[in-house]
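This report covers a ligand site and the aromatic ring contacts of one structure. The sequence and model come first.

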Amino acid sequence: MGVRDVTDVHEEFDGERLPPGQRKTERFPVLSLKDTPDFDRDDWEFTVRGAVEEELTFSWDEFQELPTETQRQDFHCVTGWSRFDNEFRGVTFPEIAERAGVEDDAVHVMFGAMDGYSTNLPLEECMRREVLFVLDFDGDPLPSDHGGPLRVVTPHKYAYKGAKWVDGVTFLTEAERGYWEKRGYSNTANPWNEERYTTL
Ligand SMILES: Nc1nc2c(c(=O)[nH]1)N[C@H]1C(S)=C(S)[C@@H](COP(=O)(O)O)O[C@H]1N2
Ligand SMILES: [Mo]
């Protein structure tokens with residue numbers, strides 16, 4: 001199976017590969033609000049809820065049955081570093097959405113996580129194959145500090161739009177804000193426009 005290279009996503013936003021005000025790093029810093037949550041594969045559950053035709057629940061084993069793809073992606077942190085060429089294997093957002101059947105009135109999405117974090121995006125900004133529910137990073141299971149066993153990545157947005165330890169998605173008929181979006185980080189988070197903070 002090949003690797004889909006999506007490191008050209010910046011072209012869509014008329015920007016350079018390295019967004020303005022970012023520094024390229026080879027390291028992969030960990031940024032978490034709280035401690036890394038414990039993962040017990042027997043208790044783990046992933047739910048799809050809200051404005052869908054069928055609410056879904058996946059056990060760990062069931063989630064492993066979903067089709068995955070491997071992509072090469074860049075990662076931009078709002079605190080000013082970018083890490084290029086990360087290889088992520090995961091399930092695409094559209095794959096999950098299609099299985100649940102998104103209702104016509106759904107316009108927005110909220111991601112939930114095992115540490116209580118949440119983050120939101122408009123539906124159309126999620127219905128992109130590079131929005132991945134990541135299982136593996138550079139060929140190995142995603143390290144727990146980086147959100148393993150499952151996290152979201154959003155290479156078209158600053159990385160706080162990607163929930164680590166993601167355990168559910170809710171389709172919404174009205175926009176809502178997640179953890180950082182309520183606390184001053186930009187709701188839109190486009191790195192090529194430097195949408196870092198909400199100006200109040
Ligand atoms: N569940 C959860 N997801 C999260 C966070 C968090 O604290 N909890 N931090 C966010 C922020 S602010 C960033 S920059 C990235 C950091 O990912 P990393 O620790 O793998 O670098 O995860 C995002 N997703
Ligand atoms: Mo962040």
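## Terms and basis

A residue is called buried under 20% relative accessible area, exposed over 50%, and partly exposed in between, with a 1.4 Å probe and only protein chains considered. Accessible areas come from the Shrake-Rupley method with a 1.4 Å probe, and for residues only the protein chains shown count as cover.

The model is predicted, so local features need pLDDT of at least 70 and side-chain atom pairs count only at pLDDT 80 or more, while totals for chains, interfaces and linings use all residues. Residues are numbered from 1 along each chain as its sequence is written, chains are lettered from A and ligands numbered from 1 in the order written, and side-chain values use heavy atoms, without hydrogens and water.

## Ligand site

Around ligand 1 there are 21 residues, each with a heavy atom within 4 Å; the closest are Pro29, Asp115, His146, Arg151 and Lys164. This shell divides into 15 nonpolar, three polar and three charged residues.

The distance is 2.6 Å to a side-chain N or O atom of His146, 2.7 Å to one of Arg151, and 2.8 Å to a polar backbone atom of Leu31. Of the 530 Å² of accessible area that ligand 1 has on its own, the protein covers 97%.

## Aromatic pairs

Rings of Phe, Tyr and Trp (its six-membered ring) pair if their centres lie within 6.5 Å; planes under 30 degrees apart are stacked, over 60 edge-to-face, and the rest tilted. The count is 24 aromatic pairs. Trp44 and Phe46 are stacked, at 6.3 Å centre to centre with 15 degrees between the planes, and both residues are buried.

Tyr179 and Trp180 form an edge-to-face pair because their planes stand at 90 degrees, with centres 5.2 Å apart. Tyr179 is partly exposed at 24% relative accessible area, and Trp180 is partly exposed at 24%.

## Aromatic cluster

One aromatic cluster includes Trp44 and Phe46, along with Phe39, Phe58, Trp60, Phe63, Phe93, Phe111, Phe133 and Phe171.

Terms used: A polar contact is a pair of N or O atoms within 3.5 Å; within protein, one must be able to donate a hydrogen and the other to accept it, and residues adjacent in sequence count only if both atoms are side-chain atoms. Ala, Val, Leu, Ile, Met, Phe, Trp, Tyr, Cys and Pro count as nonpolar, Asp, Glu, Lys and Arg as charged, and the others, Gly among them, as polar.
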